[in-house]
Amino acid sequence: MNSVPAIAPAQAAGQRLRETLFRGATFVAALLVLLLLGGVAISLAAGSWPAFAHFKFAFLSREIWNPVTDEYGALAPVFGTLVTSLLALLLAIPVSLGIAIFLTELAPAWLKRPVGTAIELLAAVPSIIFGIWGLFVLAPVLQRHVQPWLIDVLGPLPLVGRLFQGPPFGIGVLTASFVLAIMVIPFISAVMRDVFETVPDVLKESGYGLGATTWEVIWQVVVPYSRTGMIGGIMLGMGRALGETMAVTFVIGNAHRIGSSLLAPGTTISASIANEFTEAVGDLYTSSLVALGALLFLITFTVIAAARFMLLRLDRRALSSV
Amino acid sequence: MSRRALRTFYNLLALALSGLATAIGLFFLGAILWTLIKNGLGGMSLSVFTDMTPPPGSSGGLLNAIYGSVVMTLVGILIGGPVGMLAGTYLAEYGRSSRLSTVIRFVNDVLLSAPSIIIGLFVYELLVIRMGHFSAIAGAVALAIIAIPVTVRTTEDMLNLVPQGMKDASTAMGAYPWRTITSVIYPAARSGIVTGLLLAVARISGETAPLLFTALNNQFWSSNLDAPMANLPVVIFQFALSPYPNWQQLAWSGALLITLTILVLSVAARIVVSSLAQGGKR
């Protein structure tokens with residue numbers, strides 16, 4: 001009786017072995033992604049331990065940063081990080097929203113691609129480029145034309161005026177926020193555009209059918225429908241702004257102090273680390289900088305995780321540009 | 001004004017403002033590129049590519065920095081690329097809808113947006129302290145860690161574009177999954193995966209923060225991976241903030257060089273991706 005020759009047992013075993021090896025390799029690589037995040041958390045915790053053990057909770061509440069007397073507090077950089085990021089968002093959100101509306105509802109088809117790509121390319125420009133541009137081009141312009149105006153016009157006002165006191169340095173908190181805003185615009189607008197594109201046409205058509213104008217459809221149909229995704233995109237942009245290093249380091253002025261004026265120099269967590277880490281002498285100094293890094297990690301992790309959670313609903317492919 | 005006219009007015013105003021917002025975004029891209037070209041082009045000469053970084057006041061180039069950047073980016077992608085591809089393969093093929101994959105995807109997305117300076121600190125604690133000195137390999141590892149989440153994401157997306165029918169056909173022939181993946185799925189998704197790697201290279205080649213305290217810098221030529229190595233971003237950082245005109249000029253030239261490289265890589269990658277998404281399988 002003739003039968004079809006089966007695969008030799010040895011060959012089959014070889015196939016199975018390769019399958020196990022390959023599958024194992026992909027699994028290990030996937031686990032490595034988890035390990036990376038865990039490793040980052042553990043190494044930051046370990047590195048910052050001496051500082052937290054020495055200063056206790058006072059590390060979080062003190063403004064002092066004095067390498068000579070070896071006393072460190074995180075308040076000024078944390079404050080600077082939050083203020084620059086929030087201000088950047090304040091500037092970036094309206095522009096990003098405008099860009100997203102333009103790209104989804106307004107632009108003719110032939111214009112969508114090139115304009116969308118150009119905005120995305122802004123996100124590809126390395127942060128150090130934003131830094132030198134901010135320092136040598138933007139800061140002088142702000143110093144000469146914008147800041148004197150802010151001081152003259154807004155400075156005398158009650159309450160708001162306190163934000164615009166002092167001489168126009170050019171560099172400082174406001175300039176850093178401005179650069180950050182430009183940097184996060186492409187991220188926020190890309191997410192908003194993708195979110196807007198998930199709005200079912202039927203909903204929009206219903207709006208138009210009732211006689212609504214384009215703007216009314218956008219504001220009363222598209223925006224409410226995409227609210228979660230928009231907030232997710234904004235928080236994603238905030239995550240970028242919080243951790244942004246080089247651009248801020250160039251233009252913030254690196255002063256460990258909390259001032260009420262936005263025109264004064266300040267510092268952020270990442271700028272402090274970038275500026276001082278290689279020059280830090282002594283374990284406590286180094287550990288305090290790592291502790292700053294740990295705080296930044298906690299803050300950004302929370303913000304980014306929340307953002308990603310809000311964006312989970314979205315089609316993953318729609319977000320591949322972010 | 002009648003109610004209708006008011007609504008039309010608001011409509012036009014809002015649409016005009018959104019056009020203005022787009023113009024603002026494009027303006028800043030243009031302004032940055034213009035500044036780079038204006039300040040960088042003047043300093044472009046052959047010596048930029050043939051001479052070492054100079055001491056203050058004398059002439060020189062960026063050769064050691066360019067070399068260092070290329071080496072560290074290549075080593076970074078050689079480490080990070082395969083890991084990212086394998087992890088992406090796991091997510092797209094083996095663990096498609098398992099709970100673990102959902103967690104890994106989420107963590108990968110978080111890593112994708114994590115501040116790069118944190119990665120620098122991590123590698124400092126992990127490698128630099130243990131080795132006792134700054135080194136190019138530490139810099140390359142930091143870049144690899146940044147490249148991994150990018151590669152994971154693009155690989156998974158690209159593998160998902162491969163039609164299920166092709167996978168089924170291979171499985172029906174009796175092929176084990178590894179055979180299907182390496183002989184059918186990878187070739188079908190090849191240009192997409194390569195594009196993902198290009199994007200990862202574009203992402204890491206301009207990174208400065210993670211190199212500051214891993215690879216540090218080196219004023220001289222060094223091809224030793226176990227020693228500090230010059231690299232374009234850190235040289236730009238140091239030279240731009242210096243008071244010396246010749247250093248600042250080199251910083252602008254370096255900035256132009258690095259930005260053009262990255263923009264070309266990004267545009268090329270985008271063209272491939274869009275032709276993939278529209279055209280189909282290859």
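A cavity here is a set of points, on a 1 Å grid over the protein atoms alone, where a 1.4 Å probe fits but cannot get out. Grid points are joined across faces, edges and corners, and a volume is the space filled by probe spheres set on the points. The model is predicted: local features need pLDDT of at least 70, side-chain atom pairs count only at pLDDT 80 or more, and totals for chains, interfaces and linings use all residues. Residues are numbered from 1 along each chain as its sequence is written, chains are lettered from A and ligands numbered from 1 in the order in which they are written, and side-chain values use heavy atoms, with hydrogens and water left out.

Take the second largest cavity. Its volume is about 50 Å³. Lining residues (an atom within 4 Å of a point) include B:Leu111, B:Ile119, B:Ile146 and B:Arg203. Helices H4 (99–113), H5 (116–131) and H6 (136–161) of chain B each give two or more residues to this lining. H6(B) gives the most, with 4 residues. By class, the lining has 8 nonpolar, 1 polar and 1 charged residues. Nonpolar covers Ala, Val, Leu, Ile, Met, Phe, Trp, Tyr, Cys and Pro; charged covers Asp, Glu, Lys and Arg; the others, Gly among them, are polar.

Now chain A. It has 12 helices and 2 strands. These are DSSP runs, numbered from the N terminus: H or I of at least four residues for helices, E of at least two for strands. Along the sequence the pattern reads α-α-β-β-α-α-α-α-α-α-α-α-α-α. The radius of gyration of chain A is 25 Å, well over the 20 Å that the globule rule gives for 322 residues, so the chain is more spread out than a compact globule. That radius is taken over C-alpha atoms, and the rule is 2.2 Å times the number of residues to the power 0.38. The C-alpha trace spans about 105 × 65 × 35 Å along its principal axes.

Of the 322 residues of chain A, 53% count as buried, meaning under 20% relative accessible area (1.4 Å probe, protein chains only). Contacts are heavy atoms within 4.5 Å. Among those in chain A with a separation of 6 or more, 75% join residues 24 or more positions apart.

One buried residue is A:Thr175, at 0% relative accessibility. A:Thr175 sits in helix H6 (residues 173–197) of chain A. Leaving out residues up to four places away in sequence, A:Thr175 touches A:Leu138, A:Ala139, A:Leu142, A:Gln147, A:Gly170 and A:Val251.

How values were computed. 1 Å grid on protein atoms, 1.4 Å probe; cavity = no way out; pocket = protein on both sides within 12 Å on 5 of 7 lines; lining within 4 Å. Buried < 20%, exposed > 50% of the residue type's maximum accessible area, 1.4 Å probe, protein only.
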